Amino acid sequence: MEKDWFIMKPILKKTLSHDWHILQPERSIEVIGDAPITVFEACLQHDLIPDPFYGTNEQEVKWVFESDWIFTKEFELSPQNLAYSSIILCFHGLDTIAEVFLNDTPLGSCKNMHRSYSFSIREICNEGMNYLKIHFQSPLKIAKAKSQEFKTDLNTGSAGIPGVPYLRKAQYSFGWDWGPQLPDIGIWKPVELIFWDKCKIQNVHIKSDVNFADLDKRDPLTNLPLAHSATINAEINLELSGTNQTNQDPAQSYLLLTILDKDDEIFNSSPLPIVQSQTLEGIQIDKPTLWWTHDMGASHLYTAVVKLYLEEILVDSWRASFGIRELQLIQKKDKWGRSFFFRLNRLPIFIKGANWIPVDSFIPRGFKQGLYASNIQAARDANFNMLRVWGGGIYEIDEFYQLCDEMGILVWQDFPFACALYPADQDFREEIEAEARENIIRLRNHPSLALWCGNNEIEHLWIDLQWQAKSIANWKAHRNAYRDYFYKLLPDLVNDLDEQRNYWPSSPTRSDKKPSFGYFASNSPNSGDSHYWMVWHGGFPFKAYRRFFSRFMSEFGFESFPEIETINSFCPVEDQNFYSPIMENHQKNPAGNKKIFNYMKKRFQIPPSFSHQVILSQITQAEAIEYGVEHWRRNRTYNRCMGALFWQLNDCWPVASWSSIDYYGKWKALHYFAKRFFAPLFPSIEETKRTVKLWITNDYPRDVAGTLEYWIMDAKGEIYQHESLGTEIKELSSKMLRKISISKKLAPGQGDNKLFVYLVHRSQNLPHENEFYSFRFLHPPKKYALEKPEISWELKKYEFLDSSVLRVDMQLTVANPGFYIHLETKIPKWKCSDNYFTMIPPVSRMITLQFKPNNFHNHNQKNAADEIDKYLRRSLKWVSLYHLFPP
């Protein structure tokens, strides 16, 4: 083995994933699991606890996070492993407070789930078997101890267990107004051994500058700006052993950089010297293919590869995708105040999307279940172009950003601070500096990453938070720490490590120059970003959204129940009502279920069936968010408002919440509405007591010509006004096309003669979807005498995408107006091109349905169409608002 020290060897990485022993000695628990794995996941796998998501079991499993836990693993090292001069044990994520031991020797402590910890173990390792132990302390005990030490119960609000701001742990896990109190413990990211000699690649930073030589030059097919060239600069950082700083023969030891466009090598560097840090500047790419959000163009990715050779042996390599694009946050003075919008490759884009929370209370389980891929795909399918990673969660895992890169979705990234005061001591400052530095470096190559934001709502809630300080001296310390963390430390790190991206100190706030403390000071309609909660928390009607002219609406929301099938997963039928203990336990916003009911009652009659009440709650939620989005989209012209991110996309458990997709990935009505109100071309209706205004918003990078056809009707189908208008909508703008006076003659307002407006815009020069729909009740829906719509459908086309997935096109028609038509089916895991839509008799709709049919295998037979038709007619039906109420 002695001579092996002098033989150059490639870096070796060994993941420690299998057969971790998870122990809780006081309860005589010892189980085995594969990492990443956490305590709650392991307990569930081995039936040690009831499902915390079912019933009120959340209250029965508190002992799990009140206890300390031990994780152990044995691993074997060969003589070849020990021939390396350096062996690193790397924990990419431990949650959260832990002591690590190897062969009974203490390696060190971990206290931050948001960063990795590496230990040099070469001198401690044994040939043969080695014994690794991690002692996790209860996060609840540590939080309580910190609160006692500092004599202050820092907290994130009434829904959370006090003390979590002292910990660098995902704060939602201590409870939020949509999430349970289930702070997890364990290994939440991979653990690996890294064996290396002399040097290895530490990180690489790929930066691109785009040259738009001719600002008016557009692609003839897409009308997108064309880049003349791009300049790539590659910063390569190595880790060198103490005895190997620069003493390599450059003919035998060197670095190579290659840039690929798909499989084509478009750049190969000459050999680069082995030095700790260097930047290869001025790499020219002519006529690059730019990265766009999916709604604007192709999300094109290049690949950079760095290879490290020592003594002519390839010992290490690094590979990552990157995009060539120019993205800027534009803040300029204008007639309303100061703009706040993103300009991508010289085009101002209206941001459409939602806030993202962790996918599961037990994060590794969510990844294993495929929730990242399914939720991000659902966001793309509903025309989102941004997700805001909210500050009460985590810096997301690598796969999240990779998926957003590939799918063309921008990411607003909060640093993980939310709704709280934070410790003002030097130890805490050093911890967040190390955490932020690591994650900025980890994420900075992703083209999807649009913005670093310091925190969520700390300035907004400042007046409430100050009472936690309990003394003037403490208060001044927290105020000074806030300014230091969010107006100096974090922006300095971003400027130093990721200078091409913008930093914004808090959401919401009005300026990045100094704090704006308080509800109103931080939430200006004239500058910065906004959060608007007067609808929902304030009890205001939906039309209140129209009175707030935000520059960029980064948070607003409205609650509903999840699908009844999801409710069945946590609540028995006999307890399914608004106010049962189980339903209230799955509603974390105080009086939230009552608020849902009261909003529903203002607009609708309340059906007797709970399952129908659930549907109505979703329709109410969808209507509310639509009111806000359409208002802000109508005001995109001249960049007055340039973003609408609703709260929230997803859930971390099955619950009544603000989400548009429930925990199991089922789309609520809101998500279908979002697919329509986030469409690049969006017709909308602005109604008052006396007028109706018809609008078109065009987010396409081209002018759009077409025809707008509208009907003003009553619920029986009688047409009071009908007209077709030729339209020409400028690119990236909104336009009011018609203002209609609702006279007494047109709308008597007596009896059943309540009117609604229905729009169809048919476009002439779009490459894909050409028809866009909208409708609006002019009165609360409960005032309409609904007719049975008599929905009928005809199978027009079918296609088997593979041996089990069937896609069918169904043409729907109605005999009478049908409101919020939606699909009822027992077919599992179906996808529908549209749902919860409204139809009128003159207009048919083609709906595409994709699913795995049960017990159907006739797709190779001549009579397959008849068999599919029969299968569909016995497996599904289309119903509407009318059907929610018994005859």
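Which residues lie nearest the centre of the largest cavity? In this predicted model, these are Glu626, Phe673, Arg676, Ser774 and Phe775, which belong to a lining of 19 residues. The cavity itself holds about 210 Å³ of space and is one of four cavities of 30 Å³ or more in the structure. The greatest contribution comes from β38, with five residues. By class, the lining of the largest cavity comprises 11 nonpolar, two polar and six charged residues.

Helix packing was examined for α8 and α10. Two packed helices are described by the angle between their axes and the distance between the axes. The axes of α8 (residues 426–443) and α10 (residues 472–497) come within 10 Å and cross at roughly 30°, and the crossing is right-handed. On the α8 side, the contact is formed by Phe428, Arg429, Ile432, Glu433, Ala436, Arg437, Ile440 and Ile441. Helix α10 meets these residues through Asp484, Tyr485, Leu489, Leu490, Leu493, Val494, Asp496 and Leu497. This contact consists of 11 nonpolar and five charged residues, with no polar ones.

Aromatic pairs number 77 in the structure. In one of them, the ring centres of Phe53 and Trp653 are 5.8 Å apart and the ring planes stand at 65°, so the pair is edge-to-face. Phe53 is located in the loop between α1 (39–45) and α2 (62–66), whereas Trp653 is located in the loop between β31 (643–646) and α15; the pair therefore ties together parts that are 600 residues apart in sequence.

The loop between β31 and α15 also contains Gln648, which is joined to Trp647 by a cis peptide bond with omega of about 10°. A further cis peptide bond runs from Ala35 to Pro36, with omega near 0°. Pro36 lies in the loop between β3 (29–33) and β4 (37–38). Another backbone feature concerns Asp19, a residue that is not a glycine but has a positive phi of about 60°. Asp19 is placed in the loop between β1 (12–15) and β2 (20–24).

How values were computed
Residues are numbered from 1 along each chain as its sequence is written. This is a predicted model: local features need pLDDT of at least 70, side-chain atom pairs count only at pLDDT 80 or more; totals for chains, interfaces and linings use all residues. Side-chain values use heavy atoms; hydrogens and water are left out. On a 1 Å grid over the protein atoms alone, a cavity is a set of points where a 1.4 Å probe fits but cannot get out, and a pocket is an open set with protein on both sides within 12 Å along at least five of seven lines; lining residues have an atom within 4 Å of a point. Grid points are joined across faces, edges and corners, and a volume is the space filled by probe spheres set on the points. Helices (H or I, at least four residues) and strands (E, at least two) are DSSP runs, numbered from the N terminus. Ala, Val, Leu, Ile, Met, Phe, Trp, Tyr, Cys and Pro count as nonpolar, Asp, Glu, Lys and Arg as charged, and the others, Gly among them, as polar. Axes are lines fitted to C-alpha atoms, for helices over the stretch in contact, and angles run from 0 to 180 degrees between N-to-C directions. A crossing is left-handed if the near helix is turned anticlockwise from the far one by less than a right angle, and right-handed if clockwise. Contact means heavy atoms within 4.5 Å. Rings of Phe, Tyr and Trp (its six-membered ring) pair if their centres lie within 6.5 Å; planes under 30 degrees apart count as stacked, over 60 as edge-to-face and the rest as tilted.
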